[in-house]
Structure formats: C-alpha cells, structure tokens
Amino acid sequence: MLNNVVAKCALIPEEIKREIDLGFNKFEVQLLSDSDYKKFDVIKMFDDIDVVGVHTPLIDNRDVVLGEL
C-alpha cells in the first residue's frame, strides 16, 4: 500500500479500481465538469479509500469552489 502517495482520479469506477490495484488508497478526485459532483456516490463503491482532496473544474475561465457546485 502506498500510504504517502496521493493518486489523482476522476469519478470513473474503472480508473479508481486500477489505482487501488496498484496499491493506492488516498485520492485527489478530479471533477471534470460542473455536474461531476453528482457522481460522488462512485466513491462509496470502494472500501478503505480516503479522498484527501478535490480538484474542481474551471468554468468560464475561473476556479470553481465546491460550495458553488
């Protein structure tokens, strides 16, 4: 298990599983669009992973704060 390394992933189950299979358990989630926050239930499909960061998309050339989504 790679305890000190954070993997970056989108909310795509196959991508998350691939990272877990490689030994990652900490993730920064990349939201690719302003509607991706609705897909966050994907994380519940996996046991023993920690989301330590969320990378929000750029909309209208500005960073979006999670609360705005």
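Q: Which residue forms a salt bridge with Lys44?
A: This is a predicted model, where local features need pLDDT of at least 70, side-chain atom pairs count only at pLDDT 80 or more, and totals for chains, interfaces and linings use all residues. Residues are numbered from 1 along each chain as its sequence is written, and side-chain values use heavy atoms, with hydrogens and water left out. A salt bridge here is a side-chain nitrogen of Lys or Arg within 4 Å of a carboxyl oxygen of Asp or Glu. The closest N and O atoms are 3.4 Å apart, and the partner of Lys44 is Asp41.

Q: Is Lys44 buried or exposed?
A: Buried means under 20% relative accessible area, exposed over 50%, and partly exposed in between (1.4 Å probe, protein chains only). Lys44 has a relative accessible area of 67%, so Lys44 is exposed.

Q: How far apart are the closest N and O atoms of Asp21 and Lys17?
A: Both residues lie in helix H1, 4 residues apart; helices are DSSP runs of H or I with at least four residues, strands are runs of E with at least two, and both are numbered from the N terminus. Asp21 and Lys17 form a salt bridge, and the distance is 3.1 Å.

Q: Which strands stand at the edges of the sheet?
A: Two strands pair if DSSP finds at least two bridges between them. The open sheet has the order S1-S2-S3, with parallel pairing. Each edge strand has a single partner, so one side is left without a neighbour in the sheet; these strands are S1 (7-9) and S3 (50-55).
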